[in-house]
Amino acid sequence: MGDRIGDVGLRLLTLLAALAAVALLGAIVWKVLALAWPAITHYGLSFVTGETWDPVKKVFGALPFIYGTAISSLIALVLATPLAIAIALWLSELAPGAARGVIGSLVELLAAIPSVVLGLWGILVLAPFLAQHLEPWLHDKLGFIPIFGEPSPTGTGLFTAGLILTIMVVPIIASICRELFLQVPDELEEGALALGATRWETIRGVILPSTRTGIAAAIILGLGRALGEAIAVTQVIGGGTTISANIFGPIDTLASKIAASYQGAGSGLEQASLLYLAAILLAIGLLTNLAAQIIVRVFDPLRGTH
Amino acid sequence: MSAASPAFSLKPSGQLRRRRLVSRLMESIGWLAALLAVGVLFLVIGSVAVRAWPALSWDFLTQPPALFGQPGGGISSAIVGSALIVALATAMAVPFGVLIAIYLTEFASRRVAQPIQLVLDVLNGVPTIVTGIFVYGLLVIGHGQSAYAGAFALAIVMLPLVSRAAQETLRLVPAALREGSLALGVSRWRSVVGVILPTTFGGILTGAVLAVARAAGETAPLLFTCSIFNPAVSTDVSSALPNIPVLIFTYSEQPDQALHEQAWGAALVLIVFVLLASLTAKALLARSRRKLGR
C-alpha cells in the first residue's frame, strides 16, 4: 500500500515539476507581453518601424535597435561561422591526439568566460586598440565602402560589439559542429580517401554536405546567443539611437538598450517602450531557438547514411 | 609480372600537386583558427590577470567598498552577496531540474517527453535580460529589488542546464540495474530513489557545478532584480545584495581609473572561480563516467 502511494506520489511530483517548466515559459511570455501592453496598445506595430527614439520629445521607435541587433549579429556570424567550422574540423579531423583534448577544452573554456568580463576587456583593452589601429587602417584602405566610415574616437561602436559577440559565438558553433563531424561514419571518409580524394576534398565532398542541416542549426543557435546578449554589448556598443551605414558608429541593440536603462527610465511611456523592446527581443529569441530546435529534430544530420 | 615500364607515372602530375596544395592550405587554415581561439582565450585571461594584479590584496578580498571618494576598499560584500544569491538559485534550480529529468527519463512516454524537452531547450534560449524583465514584473514591481528575486532569475537560467545534465546521466544508468531492482520486487519509486539516483549523483553534481559557474557570471538577470544596493556587507536576502557581476558592470561604465582597477580585480576573482568550477566539473564527469562503465 505504501509503495502504491510512493509510486503515484513520485510520478505526480515529477510530472508537476515538468508541467511547471512549461508553465514557466508560458508565464515569461505572458508577463513580458502584459508589461509591454501599454506601449503595444499605444503604438501598435508602427513602433517596430519607428526610426526615432527621443525621450525629450517622447517619441519612441524600435527600428534603430532592431538595426543594431541585426548588424551586430550579422558581423558576429560572418566572422564566427568560418572560424568555428575550421576549429571544429581541426578538432575532429586534423588535430594530433594529445593536442585535441587540450585545445578542445580550451575552446570550451572560452565559452565559460562571463560576458561581463569579456565586456570589461572589450571596453578597456579591445576598444582602445581598435580606435588607434584597426579602425583607422580599415577606414584608410576600404573607406570607399560606406560601412568603413569615420573611426570611433573611443573604439566603442557596432563593430566592436560584433567582435565581442564573435568571441562569444565561436565556441558555441564550434562545439556543436565538432560533435556533428565526429558522427560522420568513418567508412564514408575512408571511402573518399581510398578513392584518392585529398583531405580537403573529403571534407568538402563528404563531411560538410552530410552535416549541412546540423551546421545550419548550430549557426542559428549562435545567432540566438548573439541577438540576446545584453551585458557585453552594452559595455562596448557606445549607446546611440541613429541608424548609420558606418559600422564604427555608436548605437544600441534591443538587449543593450534595455540593459542600459536599468537605473530607471524617465517617463512612463519611455518605460513602457523599453518593455515593448523586451517583448520584441523575446519574440525574436523564441523564434530563432524554435527554428534551430526544429531543424535539429526534423532533419537527421546524417539521413540516409546509416 | 615483367619489369615493363608502367603505363602511368607515379610522379604527381600538375593537377595532383595543385589538389594537394589546396588541401595543405586548408589544413593550415584549420591550425590557424584553432590557435586564434586559444590565443584570444589567453589574451583575455592574461589581460585580466595583469590588470587585476595592482588591485589584489588581502584587504581587497576582505573589505567592503570604500565610501564615495575615498581610496582603497574591497569587494567582500559583493563576494558574500554573490555566494548567497547563487546558493539560493542553486537550491531552487537543482531539485526542480532533477525532478524534471526523472519524469522525462523514468515516467514520460516519448510523445510526452519530446514537447517538454523542446520547452526546456527553448527556455534555455530566452535572452537572459528578458528573464530579468520577467522576474522584475513578477517580484520586483511593488516589492522592490531583493536577493531572492535575483536568485529566482538565475534559477531560471540554470534550470535547463541542470535538467539536461541530470537526464544525460540518468540515461547512462545501465538497464540491468533498473531491471534488477524491479525484478527483486522493489517498487518503482524505491528503485528510483534508492538505486538509480545514487548512481547518478556524480553526473548531477557535475551539471550543478557547471550551472553554478554559469550563474555566478550572469549579470543580465540581476540588472532589474538585484542591482541597486547598499554596498555594505549584508546577508539579508529580502533586500538587494551587492554582487560581483553587477559590480564589474557598473564600475566598467564609470570613467574612473580606481574603479576600473577594482573591476579588473573582481573580474579576476570571478574568472578564477568560473575556471576552477569548470575544471572541477570536467574531473567529476570523467570520474562518474568511469564508475558507470562508459
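Q: What is the mean pLDDT of chain B?
A: pLDDT is the predictor's confidence in each residue, from 0 to 100. For chain B the mean is 89, with 94% of its residues at 70 or more. This is a predicted model, where local features need pLDDT of at least 70, side-chain atom pairs count only at pLDDT 80 or more, and totals for chains, interfaces and linings use all residues. Residues are numbered from 1 along each chain as its sequence is written, while chains are lettered from A and ligands numbered from 1 in the order in which they are written.

Q: Which elements of chain B have the lowest and the highest mean pLDDT?
A: Helices (H or I, at least four residues) and strands (E, at least two) are DSSP runs, numbered from the N terminus. In chain B, helix H2 (residues 58-62) is lowest at 86, and helix H3 (residues 76-107) is highest at 95.

Q: How many helices and strands does chain B have?
A: Chain B has 12 helices and 0 strands. Its radius of gyration (over C-alpha atoms) is 26 Å, well over the 19 Å from the globule rule (2.2 Å times the number of residues to the power 0.38) for 294 residues, so chain B is more spread out than a compact globule. The C-alpha trace of chain B spans about 95 × 65 × 35 Å along its principal axes.

Q: Where does Lys58(A) lie?
A: Most residues other than glycine have a negative phi. Lys58(A), not a glycine, has a positive phi of about 55°, and lies in the loop between strand E1 (53-54) and strand E2 (59-60) of chain A.
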